[in-house]
Each structure stands twice: as structure tokens, then as C-alpha cells.
Amino acid sequence: MKKFHMIINVERCEDCNACLLSCKDEHYDNTFPGYTVPQPRHGQKWINITRKERGAGSLMDVFYLPKPCQHCDDAPCVKKSDGAITKRSDGIVLIDPVKAKGKKQLVGTCPYGAIHWNEELKVAQKCTMCAHLLDGKWKQTRCVQACPTEALRMVYLEDDEWNALARQEKLQPLNPEFGTRPGALYRNLDRFTKAFIAGSVTAAKNGIEDCVEGARVVLSKDSKSVAELTTDNYGDFKFDSLPENSGEYRLTVESKEFGSSKLMVKLEDSVYLGKVIVS
Amino acid sequence: MGKDKVLFNTVLYGIYRILKHTASKYPEFKKRAAEHDCTIVLRTKDGSAGRSFTFRKGNITSKSGASAADVEIFWEDEKAALEIFTKPRDFLARINAMKNFKFGAIGPDWLNCWFCELLSLMQSPDVLLGHEYGIDVGDGVRRFTNLHNGGPVFVYVKDGKILRVTPIDYEESDAKPWTIEAHGKKFTPPRKGMINADTLNMKSQIYSRDRILHPMKRVDFDPNGARNPEKRGESGYVRISWDEALDIVANEIKRVKKEYGPGAIMHSMGSHHLWGSTGYWISALRRLMNSIGSTMVMNNPDSWEGWHWGAIHHWGYAARLGCPESYSTVEDLMKNAEMVVFWSSDPESTSGIYGGMEGTARRLWLKELGIKVVHIDPYLNHTAGLLGGKWLAPRPDTGNAMSLGIAYVWITEGLYDKKFVEEKTYGFDKWRDYILGKEDGIPKTPEWQERETDVPAKDLRALAREWGTKRTYLGVGGPGDMVGGACRSATGAEWARSMVCLMAMQGIGRPGVNMGNMQMGTPLDTKFFFPGYAEGGMSGDLQMTGMAVNMYQRMPQLPTVNSVLQGVPRLRIPEALEGKPVSGYMTSFITQTGQFFPIFYPSPGHSTVKLYYKYGGSFIGTMNNTNRFVNSYRQDKLEFVVNESIWMEGEAKFADIILPACTNFERWDIGEWANCGGYVQHSFIGLNHRVMVMQQKCIEPLGESKSDYDICYEIAKRLDLGAYFSEGSSQYDWCQRLFEGTDLPTVIKWKDFVKKGYYVVPAPNEAHRDPVGVRWYYEGTKKNSPEAPPFPSDYPGNWMEGMATQTGKIEFDCTSLKRLGEDPERPSITKFIPSWEGPHTTELFGKFPLQMITPHPRYSFHTHADAKDSFTNDIEEHRTLVDGYYYWIIRLSPEDASSRGLRNGELVKVFNDRGSVICALQVTKRIRSGVVHGYASSATYDPIGEPGHSTDRGGCLNLLTSSRDMIKKSHSTASNTCLVQVEKWDRTGVAL
């Protein structure tokens with residue numbers, strides 16, 4: 001049985017909000033019986049984008065995490081809903097707008113915070129993966145259609161095909177600790193969940209400070225080399241995908257022309273060390 | 001009876017039969033026919049042939065003969081009549097007959113217009129009366145097409161209500177896109193129109209609680225009694241009928257003309273209308289205003305500023321206001337460039353002006369191609385966020401220091417194209433000597449620039465060295481080669497000038513060396529003709545629109561001429577409304593010296609402005625020091641204000657009479673995506689496909705709102721200008737007339753275009769792609785770009801050889817500025833001149849130590865798509881909900897926030913001597929310290945006390961910007977130059 005899956009590429013999201021706006025366009029003031037009641041004009045984000053700024057200064061970066069309903073295989077909301085929420089055989093998790101009436105407790109069943117309470121209509125509601133459209137002639141959800149970067153993609157695959165694709169593209173679940181086996185998976189999730197250590201190697205020559213290109217920078221932890229980089233023309237290096245709060249690292253910088261430098265870094269959040277002077 | 005006379009009488013009988021038939025088939029038509037009981041005669045001038053049509057309660061009878069009637073429409077003779085009847089689409093013949101008085105009407109204009117409206121409906125009954133257009137997609141849903149500033153859309157409608165607005169996925173049968181081959185890979189853009197937030201927001205703007213649904217009159221305004229102008233902006237409104245509203249407006253127009261003479265009427269509008277070539281302000285509104293005579297508001301080159309007042313003097317390009325041509329630069333960049341420097345360039349926010357998100361997919365190719373990127377911006381903008389790369393964050397308003405530092409490195413290390421500079425430029429030695437410090441004793445070293453910019457000298461050197469050795473594209477502004485950002489600051493002219501000088505040093509036009517950022521310059525067909533909106537639509541205006549370029553030959557229409565020769569510089573509107581003398585300089589697209597001409601108001605023999613016809617409400621959010629605009633409404637020199645607006649926002653609530661307009665989704669129009677014409681010829685080459693759209697009327701106008709065209713037409717009718725205004729055509733008819741003036745009829749029938757709603761122009765094959773812009777100059781050939789300007793007279797030597805400067809070369813030392821006479825604000829070579837409102841103005845800086853930049857907004861377009869209770873309110877980066885109110889956002893660095901004890905998300909007051917605005921604070925590391933970032937163009941002006949004298953919580957940051965021109969000899973805004981302070985808002989104070 002084929003299922004719909006969403007693939008979300010964190011590196012490709014630039015917060016343009018085409019997804020959010022097309023979702024609102026589709027669901028505000030429209031009723032799709034059997035699928036959902038209308039979305040209120042404001043307040044509900046069936047796809048919610050959060051921002052993460054990593055590091056600081058010249059080498060900081062910023063990433064966005066779009067979060068729709070994860071359409072989990074092992075969805076806690078389904079289990080706790082007394083039949084008001086079901087997972088269809090094509091993978092889509094749907095709240096029955098009639099059965100969910102008055103059941104505010106459904107909101108709390110989703111660890112991803114994807115279920116919303118419609119105060120006016122007294123009903124729980126969430127992303128339907130545009131099931132009303134996919135059951136018709138549409139091939140894509142509104143958010144996927146509007147995404148200009150393919151940060152959002154969707155596929156319709158047999159389980160084994162999906163598993164192979166997930167391996168091939170190194171897809172990861174968001175918050176695997178929830179144990180819900182999400183039907184949506186992420187690419188480059190590290191950009192949001194992991195940290196970097198970065199710096200700019202400089203040296204003085206004839207009293208003038210300059211960037212040091214081509215310096216060898218070795219990152220080690222517990223006396224073992226973790227990674228190695230060569231600085232670019234700005235003297236910059238950036239070791240990415242390190243676990244946040246992962247403790248002490250040693251950095252060794254060596255430039256054949258200008259000398260070397262060693263320093264210890266305690267990694268919590270991403271860190272930009274600024275100038276690393278070699279002499 | 002002669003053969004022609006028989007034929008004429010037969011045709012008239014035919015009209016009768018068709019009128020009868022249409023009335024019997026379409027109840028809507030019968031209803032219209034019942035509006036007036038009257039007799040209309042169509043006849044030859046001598047009355048020897050003709051027929052009368054009598055309307056009685058909707059019944060139509062007719063008889064042969066030219067008896068007296070309420071309206072008599074006549075032709076010189078039967079031959080002249082047949083000339084028009086037998087060639088119904090030959091508008092040139094019709095116009096010629098009218099202009100030569102061989103075709104006219106006697107009787108009340110409004111009744112003549114009514115009859116013409118019936119004839120118009122009768123000619124397209126299936127569409128206008130049967131509503132047979134759009135695609136039936138089942139379940140009672142019809143799919144229509146429309147076009148917005150941010151792209152073309154499908155509009156799904158059920159039971160007269162819009163269900164959804166979506167991007168267009170092009171069909172298999174639509175033209176295929178282009179492919180660019182670079183570094184062994186093939187790149188093809190997506191097969192759909194990538195639209196932006198502004199457009200995806202549209203449903204919520206159409207169905208907005210802020211829509212004005214009825215004509216309204218200010219409660220304390222009486223045109224025949226007390227007008228209470230000082231109450232504008234505070235009083236409420238009462239609903240009135242269209243007839244009452246239009247009568248008041250028409251009577252006031254007549255009154256002020258008679259009481260004060262020419263110049264007493266002025267009209268203005270925001271820079272951009274909702275899309276559509278017939279409904280645009282430069283079309284219908286212009287035709288009306290030319291017809292009644294209106295003081296012209298002279299626009300400053302609002303988004304171009306530094307390019308127009310500065311860069312233009314180095315190389316001409318006057319028709320593009322000083323910016324270069326961008327033809328085929330995308331392919332050149334991909335094939336030949338090694339690096340792109342984005343300097344004050346954030347295409348991911350400003351979408352190449354009208355380009356939706358079309359450039360985004362292309363910019364992602366940069367990574368695949370291994371082309372490096374660098375970003376220079378005080379804010380880590382969204383393009384930098386998406387693409388990564390090195391970020392250099394100078395202080396605002398110091399770009400001219402940074403560029404001199406780069407030039408210093410290139411000069412001292414020999415990293416520039418000496419041959420190009422020697423052969424193809426003029427005056428380099430003088431500039432070089434200035435940079436080396438020979439003129440003022442200050443070498444413009446990287447260390448020198450660091451003191452101004454705060455960009456480390458080492459990073460500046462690294463950038464300059466890489467730039468000087470790699471084939472590099474320079475991207476400026478959203479589109480990559482024009483508008484926005486640093487050019488709109490006190491140092492904007494010198495910055496833009498220095499950009500040209502840097503490019504000249506690197507030999508612009510060399511493969512891989514040019515201006516662009518993958519936004520403009522796609523390989524689309526520039527030869528297929530369709531006009532941009534600035535080409536004037538149905539304005540009839542050959543002088544102040546682009547109509548003379550193409551449309552006057554292609555779309556015959558009656559000319560209109562504004563006999564009021566007085567102009568007001570737009571940024572001086574407030575003072576002008578107060579009756580004070582003002583002046584400014586011309587924005588000229590004809591030649592670089594055109595801008596040396598001053599404008600004075602009041603003009604000799606002209607009245608000051610007494611009646612202000614305002615379209616929309618955008619200026620408080622978009623002009624500068626805008627409490628001026630607020631206060632100028634609240635005084636008695638301005639006797640009458642009418643505002644034609646879709647939404648109750650901004651300035652609309654300062655009007656005496658409000659005329660409710662509908663959106664372009666509620667009326668007919670026609671247009672091409674991103675084709676503006678005017679200052680950006682071929683502006684569609686920022687897209688992946690050229691798309692022309694029949695902007696179908698998707699729903700009926702909400703409430704009593706009307707199309708802008710119809711509002712202007714109704715006013716025209718009250719001045720007996722109705723038939724002159726409409727030429728007997730409805731807005732739908734004008735769409736067809738415009739269609740017939742384009743190249744579309746060679747590829748698609750009108751009927752099919754109306755039904756399907758759009759046409760995609762095939763991309764040319766590789767051999768027919770345009771030559772790369774400026775390459776001709778580099779290679780020393782004649783200009784071979786597909787654009788007519790510069791005008792032949794603007795070349796110093798042979799036509800199409802060299803640049804339009806006195807030397808024919810790119811000039812480091814500008815001959816035009818030398819001819820004007822030395823001006824320390826704008827010397828003939830570009831220099832570092834510190835900002836007149838920044839760290840160098842120490843006293844003011846001590847009081848207001850933060851530099852505020854207000855770039856063009858990301859999720860809205862000017863004031864479109866902002867506020868109006870729109871979906872965009874829910875975008876976290878657009879507005880922030882605090883205690884039930886959606887506040888505008890300002891951004892501060894963590895250091896600046898914490899030193900003021902401010903926390904993320906709380907309400908703050910941004911202020912200076914000019915005013916104060918309440919915003920929600922975003923604390924972000926993306927903005928460098930010492931700088932406040934908040935977008936321009938809040939649609940909401942919401943003073944919490946007396947308008948013009950109290951804090952605004954709507955978010956109009958332009959209340960705080962200076963009204964000073966960038967340089968005296970200009971008419972310009974420096975909106976990215978503004979010193980402010982930020983403090984926690986204690987929610988008590990209402991005073992400034």
C-alpha cells in the first residue's frame with residue numbers, strides 16, 4: 001500500500017511563508033466535509049516555521065524548521081482519540097471534524113504541538129495533508145505546490161521504497177525521542193539541531209593584520225582528531241554538525257607562513273570564536 | 001437611394017434585431033435596457049438615412065428615419081458610418097472619424113454613454129452577460145485566472161465566492177522553458193509560476209474587514225456649509241449613495257476650477273496599483289485627470305535614488321535611471337563568473353520587484369555550480385540566510401567608504417583591468433589620486449575605511465583581493481542591478497557612483513564580469529511585444545507615460561493632454577497642500593542632464609492646490625517625515641479631499657469623500673507578469689517564463705465597490721466627458737483593444753485567450769538569445785542590446801557607439817557634473833562624504849545613537865498585503881501579536897537590546913525629534929550593533945492621540961525619517977538614513 005510522505009529540507013527553507021499562506025488560503029473560510037472545518041482567520045499555523053540563529057558575527061547562520069503534522073505511523077493522537085483521529089491506509093492522519101467536536105483534550109495528545117483548538121467551532125483540527133485535494137485530482141498539497149525552493153516535497157511510495165529513499169537521502173525524524181514514527185522526515189536537520197565551532201584565523205605581517213588562508217585547523221576531542229579543515233581566504237573555518245553541549249574541544253591552527261595557535265573551546269550553542277591569531 | 005445608404009440602413013436594422021435578441025436571451029441585458037426611457041437615433045449628419053431606437057421600460061422598438069431624439073449619434077455620411085461598421089476592430093478608423101468630426105453625438109453625454117454601454121454588452125454577450133469564461137473544474141467550481149504584483153494565479157470560485165488562489169502549474173501544451181548549460185550541467189527552471197507572499201495573501205485582502213464597501217462622507221463635512229478640515233483623520237463617516245458621492249466630487253471639481261483657475265486640483269497615488277494595464281493609475285485615472293486638468297505630482301525616482309542622482313553621470317543609462325541593462329546576464333554569470341558579491345542586495349526579500357519567487361530556484365544553482373557568494377549588508381538578509389557565504393556587516397550609510405577601500409587595494413596591488421580603464425574610461429587618474437590621498441592627504445586604505453564602516457581592514461583586503469582576481473558579478477539591490485537598499489540613503493548617490501567605478505575597474509562586460517544576482521537577465525524572448533503598465537494603457541497620454549514608445553501606433557485611442565502645467569515634487573506634497581512655495585528637481589529618463597531642471601510650485605499664474613484627489617492611502621508608510629503628510633490634511637487651505645481606495649487604511653481616513661474601489665479580482669483587466677515598462681524596459685527578464693494573463697473578473701465587486709475604471713468613468717460622465725473617456729468601450733473592451741495592440745493575436749485568438757486566461761511565450765532558441773548586456777561596450781562594437789535608448793541625440797559621436805556621456809566613455813570624472821559646476825555634495829569624481837545624519841553628526845548622534853534602516857518589505861509590497869487583517873499578520877517576521885494587536889517589528893542586536901534593558905517580543909518606542917512609533921522588538925544577531933532594522937511601508941497609521949502629533953502604533957517608521965533630500969540638487973529620499981533611540985514603551989505616553 002502506497003503512502004504519502006513529506007520530506008522537509010531544512011537547508012532549503014528561507015522562511016518565505018508560501019506554505020503557511022497557501023495553507024491559510026486553502027482552509028480559511030472553506031469547509032471540506034469529512035476532512036476539516038474551516039481554519040480561523042488567524043492564530044493557527046498548520047505548518048509552523050521556527051527560526052534558529054547559530055553562532056554570531058560574520059560566520060553566523062540562520063535556519064528555519066517548517067513543522068506540519070508529522071502524520072505519524074505510531075501517532076499518540078490516534079491512540080488517545082477514541083476514534084476521533086485515524087490514520088488512513090495512505091498514511092494521512094485525519095481528525096474527524098464531527099467526532100472531534102468538544103474534545104479539547106486532543107490538542108495535548110500531539111507531542112509536536114500540531115493539533116489546534118478551534119475556539120469558535122469547539123473542535124480540534126490540524127494539517128490534513130490536503131487530503132480533500134489528494135483524494136481528487138491534485139498531486140500535491142498546497143504548501144508543496146507553493147514552495148519555491150523544494151524545501152517541502154512529497155512522495156507517494158510503498159513502504160520499502162520509502163525506507164530506501166530515507167536511507168539514500170539521510171532523512172531524519174524530528175524529535176526521534178517521541179517515538180511516534182513520523183511519516184514526515186527531514187533533510188539536513190543538523191542545521192537546526194546541531195552546533196558549530198567557527199573562527200577566523202588572522203596574523204600580523206609588517207604590522208598589518210591580514211586573514212590567513214590555507215591554515216590547517218584540526219578539531220579534536222578527548223585527544224582524538226574529530227575533523228580537519230583548511231581556512232579560506234578570509235581565514236575562516238567552520239566545523240559543523242557537532243552535538244550541542246558536547247563539552248570541551250581542542251583546536252589546533254597551523255599556518256606554514258605565520259605560525260600556529262592552540263585553544264580550548266567548550267561547546268554549548270554554536271560558537272564563533274572571532275579572530276584566532278596565529279604567530 | 002444609393003447602395004451605401006441601403007447598406008447603412010440595413011446595418012442599423014441589424015443593430016435593432018441584435019438588441020432585441022440580446023434582451024430576450026439575457027435578463028441582465030433587459031434590466032440594463034430598462035434603466036432609461038428614451039429615444040436614440042443613429043443617422044447621417046444630413047438626416048438622409050438613419051434609424052431610431054426607443055426604450056420604454058426595457059421594451060425596445062425601432063423605426064426607420066432620422067427623427068429628433070434624446071441622443072443623436074451621427075456620421076458625416078453613410079460612407080463614414082460604413083467605414084466603422086464594416087471594420088469593427090479598426091479603432092484607428094474610428095478615432096480618425098472622431099478627431100475629424102465625422103462621427104459624434106448630440107444630446108446628454110450620460111445618456112449617450114448608457115446607449116454605448118448597451119452596444120458594448122451586446123458585442124460580447126457570451127462573456128459579459130452569459131459569463132462563459134474560465135474553466136469548469138467540477139463540483140460547481142470555476143477556475144479563473146488573474147495577475148498580481150507577485151505573479152499569475154488561478155482563482156477557484158464557487159457560488160460567487162473565492163475558494164482559493166493558487167500558483168499556475170503550466171500545462172503540457174504551454175511553451176517549454178529554457179535550458180542553460182554551464183560547467184557540463186544543464187539547468188532548467190520549474191514549470192510553474194513561483195508567486196510570493198504578497199500574492200498568496202490575496203484572498204484575505206479581498207475579503208478583508210477593512211474593505212470599503214460603500215461610498216462615504218465624513219460626518220462633519222458639508223460641501224455647502226462647514227467643512228471642518230481640521231477634523232480630518234478623526235471624524236467618522238456616514239454611508240452615502242454613489243450618486244451623492246459622485247455629484248459632490250464632480251461639483252467640487254467644477255467649483256475649484258472656477259474659483260481658483262488652473263492648478264487647484266491635484267491628484268496622487270502610491271507607486272504601484274493592483275496589476276492590470278487598463279486599470280492601473282497610469283491608465284484610467286490618468287485619462288480622467290488629464291481630461292479635467294490636474295497639478296501633476298512629480299515622482300522622485302523613489303527606489304532608484306542614488307542611481308539616478310549619482311550613477312547616471314558616469315555612464316548615462318538615463319532611460320533606466322542610471323542602472324545598466326541586464327540582458328542574458330544569468331547565463332553569463334552561470335558560465336563565466338566565479339563569485340557574486342551581493343552588496344545591499346536581498347532578492348529573496350524583494351523578489352526583483354515583481355518577480356515573485358522566480359529567481360530563487362536559479363540562485364540555488366549557484367551552490368551547484370560552486371560559485372562563491374559574499375553579502376554586504378548591516379543585516380544578515382534572507383538571501384544571505386538561504387545561500388550562506390561570507391557576511392560583511394558595515395554600518396549603514398558608509399558604502400561609499402567601503403568601495404573606496406576596495407579601489408585602494410586594487411590600485412595599490414594592481415588588481416584591475418588596466419587596458420579597459422585606459423581605453424574605455426575617462427578621468428581615472430583624478431579618482432586614483434584622490435583614493436591614494438594625493439588630493440586630501442588621506443589615503444583611502446582598508447584601515448581608513450574600517451573607521452567608517454567597522455568592516456575589518458583584513459576582511460576588506462581579503463574581499464578586494466578575491467574580487468580583483470576572480471571573475472565577479474556585483475549584485476546591487478533586489479534585482480541585482482538597480483533599486484533599493486544603500487542607494488536610498490544620504491550617501492546613496494556616492495555609493496551608487498562608486499559601484500559603477502568599481503565595475504569599470506574590473507572591465508564590465510567581460511565574460512563573467514557584470515552586474516546581477518541571478519534575478520534579472522534570463523534568456524526570455526524580448527522581441528515578442530506586450531506593453532508594461534507604464535506604457536499608459538488607455539490613458540491617451542503621450543507625454544507623461546511610455547505610450548509614445550509603442551502603444552500609440554499599436555493601440556489607437558484619443559489623445560489626452562493635461563493643460564495644467566504645474567507640478568509638485570512628491571516629497572513636498574505636504575507643504576504644497578499648505579499653500580507654501582516648494583521646489584525640487586526633475587526625474588528624467590531622457591538624458592542625464594534632465595535632472596538639472598528645477599520645478600517650482602506654485603507655477604506662474606497657477607493656483608495652489610485646493611482639491612486633492614488621492615488614490616489609496618500609502619504615503620504615511622512610504623514617504624518621509626510623514627507626520628507632515630498627516631498634518632497637511634488637517635488645515636483649511638486644502639478645501640476638499642476625495643480618496644478612491646479599496647481599503648480603509650493610511651490616508652483614506654483623512655478624506656472628505658471616500659469612493660470604494662474593488663480589487664483586480666473583481667473586474668476585467670489584462671497584463672503581463674512583471675512587465676512594468678517605463679524605467680525597467682523588458683522587466684520580465686527576471687522571470688522563468690513570460691506570461692500574459694487575461695485578468696478575468698472572478699467575482700462581482702464586493703458591496704457597492706466599483707472598478708477604478710468605472711469610478712473614473714462615472715466622474716467623467718458628470719463633466720460631460722463620458723464618451724471622450726470611454727470612447728464607447730467598457731473596461732473589457734479596452735482589454736481587447738490592448739490585446740489587439742500586442743503580438744498576442746499572432747499566436748492566440750482573443751476568444752481562446754479570454755477562456756484559457758493566459759499565454760506562455762516560448763523562450764527563444766540559443767541562437768536567438770539576446771547578447772549579454774554591456775558586452776558590446778567591452779568588445780568595442782556598436783550597442784546591440786534590444787533596447788532603443790539612449791536617444792540618438794544623446795550620443796556624442798556616431799549613433800550607438802559608446803555610452804551616452806560627453807566623452808562616450810564610462811567616466812570616473814563626470815563631465816555632466818563638471819558642466820553643472822562644482823558641488824561639494826556631488827563632486828565630479830565620487831568621494832567619501834559622510835552621512836548628514838549619522839555618527840559624524842555628533843550632537844544628534846549623542847541624542848539618537850541608533851542608525852535605523854527601513855528597507856523595502858519582504859512579505860508585503862509597499863502597503864499592499866500588509867495589515868487589512870491579512871493572513872500576513874500571522875507571519876512571525878511580518879507583525880507580532882501583543883495583547884490582541886498586530887505590531888510592526890523592529891530588530892535590534894542582543895547588545896543594543898540588553899544595554900537598554902529590552903527583551904525579545906516586548907513593545908518598544910522608536911523615536912526621534914520627528915515622531916515616535918510603537919513596535920514589537922525582535923532581538924536578533926542578524927542585525928549588527930548600533931543599527932535598528934525595520935521594514936518600510938506599514939499600511940496602518942494608527943495614532944494613539946492627535947493625528948500628526950502623537951505616537952503611532954500602526955508601524956509607520958517613515959514618520960521618523962528625514963524629509964531632507966540626499967543632496968540639495970535632487971528630489972530624493974534617504975529613507976535608510978535615520979537616527980533614532982529605542983526604549984521600552986510604558987504604554988502611557990501619547991505625545992511625540
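Hi everyone, let's start with one cysteine in this predicted model. Cys698(B) is buried, at 6% relative accessibility. What keeps its sulfur from forming a bond? The closest cysteine sulfur belongs to Cys662(B), and at 11 Å that is too far for a bond. For a disulfide, the two sulfur atoms would have to be within 2.5 Å.

A word on confidence before we go on. Chain B has a mean pLDDT of 97, and 100% of its residues reach 70 or more. For the complex, the predictor gives an ipTM of 0.97 and a pTM of 0.97.

Now please find strand S25 of chain B, residues 611-615. Five of its five residues are buried. Leu611(B), Tyr613(B) and Tyr615(B) point one way, while Tyr612(B) and Lys614(B) point the other way. In a regular strand, side chains alternate between the two faces of the sheet. Here the residues pointing each way are all buried, and that includes Lys614(B).

Which strands pair with S25(B)? One is strand S14 of chain B, residues 265-269, which runs parallel to S25(B) and is joined to it by five bridges. If you want a landmark there, His267(B) stands opposite Tyr613(B). Another is strand S26 of chain B, residues 640-645, again parallel and again with five bridges. On that side, look for Tyr615(B), whose bridge partner in S26(B) is Glu644(B).

Let's compare that with another sheet in chain B. Strands S6, S7, S8 and S9 form an open sheet in that order, with antiparallel pairing. Its edge strands are S6, residues 135-136, and S9, residues 161-167, and each of them pairs on one side only. S6(B) is joined to S7(B), residues 141-148, by two bridges. In one pairing to look for, Ile135(B) has Arg143(B) as its bridge partner in S7(B).

Next, a loop residue. Where does Thr830(B) sit? Thr830(B) is in the loop between helix H31, residues 815-820, and helix H32, residues 842-847, of chain B. Is Thr830(B) buried or exposed? Thr830(B) counts as buried, with a relative accessibility of 1%. Leaving out residues up to four places away in sequence, its contacts include Leu404(B), Trp431(B), Glu494(B), Arg497(B) and Phe812(B). For a sense of distance, Thr830(B) and Leu121(B) are 709 residues apart in sequence and 60 Å apart in space, C-alpha to C-alpha.

Finally, let's turn to chain A. It has six helices and 17 strands. A compact globule of 279 residues would have a radius of gyration near 19 Å, but chain A comes out at 24 Å. Along the principal axes, its C-alpha atoms fill a box of roughly 75 × 35 × 35 Å. Buried residues make up 57% of the chain. Among contacts between residues at least 6 apart in sequence, 58% join residues at least 24 apart. Chain A exposes about 11,900 Å², and carbon and sulfur atoms supply 49% of that area.

Key: Residues are numbered from 1 along each chain as its sequence is written. Chains are lettered from A and ligands numbered from 1 in the order in which they are written. This is a predicted model: local features need pLDDT of at least 70, side-chain atom pairs count only at pLDDT 80 or more; totals for chains, interfaces and linings use all residues. Side-chain values use heavy atoms; hydrogens and water are left out. Buried means under 20% relative accessible area, exposed over 50%, partly exposed in between (1.4 Å probe, protein chains only). pLDDT is the predictor's confidence in each residue, from 0 to 100. Helices (H or I, at least four residues) and strands (E, at least two) are DSSP runs, numbered from the N terminus. Two strands pair if DSSP finds at least two bridges between them. The radius of gyration is taken over C-alpha atoms; the globule rule is 2.2 Å times the number of residues to the power 0.38. Contact means heavy atoms within 4.5 Å. Accessible areas come from the Shrake-Rupley method with a 1.4 Å probe; for residues, only the protein chains shown count as cover.
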